[in-house]
Amino acid sequence: MRCLADGRYHSGETLGALLGVSRAAVWKRLQKLAAFGLDVESVRGKGYRLPGGLRLLDEDALAQAMAAAGGTPGALSLHLYDVTDSTNADALALSRPGLSQPLAVLAEYQRAGRGRRGRAWQSPYGRNLYLSYAESFAGGAAALDGLSLVVGVVVAETLSDAGLADRVQLKWPNDIWVDGRKLGGILVELAGDMDGVCVPVIGIGINGALSDAAAAAIDQPWTDLTRELGEAPDRSRLAGALLAGLQQALVMFRQQGFTAFSDRWRRYDCCAGADVTVQLGERRITGLARGVNAQGALQVEVDGVLQQFHGGEVSVRPLR
């Protein structure tokens, strides 16, 4: 796949020489790329290409972007994979023996990417951003109230700097929206001791350039950075900026908790002031969203009474 990343035509003979196989075997291998969400174009007399090419992740470029954004690449154990099942699953496995320093896992392709509640996350090769970050926290799970919202702030601010200022929104607790369409999501899972040293694994997925085939499997309004910005994103630069933002935000979160981020969250909150429905198992509660409290819980006014929700699926109707 990397030899086709430049978007140019390559003959079957050239590809066969690179791979050490026959031209017939090259064709069979290229047929398999459809399973990775890649459509290879074949033109007689020219060869094969990936239209538009791919801008693959680059460790040096990522570290440079991270440093430019005020991060510390040397304080991070970076794991960059071509293909994996799930970056969050990898980060959880790496975290279970305990962490000597924070770690990040990124991949070009996920076989089994996951969203909230076990939903599949569409993960075509080399198109989107699949990033997981893990760092140890003392105080157990109780010290992590509002963490997913803090991560949302980091993602929203990074995307704003990338060209989506005044358009990116956060839907409680962990969806990234642009103009009412889902651009990405956040999944926080925990390893370690829930009452002692706990390791939150922060998964971030952002749509870079979804193919029609990948988009067909999505059951809600969606968008990607290519559609919103007019060009495919530099995923190494975006990942570096996100990792720098996470490093900086988690220092403040350790010291002050979610309250230090509440004003920043409100700038992007697409629920506040809107009619929302919260799905809790078989229960559906409808009311007027009133922002979040000091711990990051969603506040909903139901028949004049303010209720607080720490979990659930939220759907939003247009603002009043």
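Where is the place of L243? In this predicted model, the place of L243 is in helix 8 (residues 235-256); helices here are DSSP runs of H or I with at least four residues, strands are E runs of at least two, and both are numbered from the N terminus. Residues are counted from 1 along each chain as its sequence is written. Because the model is predicted, local features need pLDDT of at least 70 and side-chain atom pairs count only at pLDDT 80 or more, while totals for chains, interfaces and linings use all residues; side-chain values rest on heavy atoms, with hydrogens and water left out.

L243 has a relative accessible area of 0% and is therefore buried (buried means under 20% relative accessible area, exposed over 50%, and partly exposed in between, using a 1.4 Å probe and protein chains only). Setting aside neighbours within four places in sequence, L243 is in contact with L62, M66, L76, A104, L131 and Y133, contact meaning heavy atoms within 4.5 Å.

Once neighbours within four places in sequence are left out, V155 is in contact with I176, I186, I204, I206 and L242.

Next comes helix packing. Two packed helices are described by the angle between their axes and the distance between the axes. For helix 5 and helix 8, the axes come within 9 Å and cross at roughly 140°; axes are lines fitted to C-alpha atoms, for helices over the stretch in contact, and angles run from 0 to 180 degrees between N-to-C directions. That angle is why helix 5 counts as oblique to helix 8 (under 35 degrees is roughly parallel, over 145 roughly antiparallel, 65 to 115 roughly perpendicular, and the rest oblique). Helix 5 passes helix 8 in a right-handed crossing, a label given when the near helix is turned clockwise from the far one by less than a right angle, with anticlockwise being left-handed. On the helix 5 side, L147, V150, V151, V154, V155, T158 and L159 meet L238, A241, L242, G245, L246, A249, L250 and F253 of helix 8. Sorted by class, this contact has 13 nonpolar, 2 polar and no charged residues; Ala, Val, Leu, Ile, Met, Phe, Trp, Tyr, Cys and Pro count as nonpolar, Asp, Glu, Lys and Arg as charged, and the others, Gly among them, as polar.

Helix 8 also packs with helix 3 (residues 59-68), and here the axes come within 7 Å and cross at roughly 45°. Helix 3 is therefore oblique to helix 8 as well, and the crossing is right-handed. A61, L62, A65 and M66 of helix 3 make the contact with S236, R237, A239, G240, A241, L243, A244 and Q247 of helix 8. The residues divide into 8 nonpolar, 3 polar and 1 charged.

Helix 4 (residues 87-95) holds A93 and T87. T87 is buried, at 3% relative accessible area, whereas A93, at 44%, is partly exposed. Not counting residues up to four places away in sequence, T87 touches V105, L106, A107, Q110, Y130, L131 and S132. The C-alpha atoms of T87 and R23 are separated by 34 Å, and those of A93 and C271 by 35 Å.

A few backbone details sit in loops. A cis peptide bond, with omega about 0°, joins W172 and P173, and P173 is found in the loop between strand 6 (168-171) and strand 7 (175-178). D179 is not a glycine but has a positive phi of about 50°; D179 lies in the loop between strand 7 and strand 8 (181-192) and is partly exposed at 44% relative accessibility. D303, likewise not a glycine, has a positive phi near 50°. D303 belongs to the loop between strand 12 (298-302) and strand 13 (305-309) and is exposed, with a relative accessible area of 79%.
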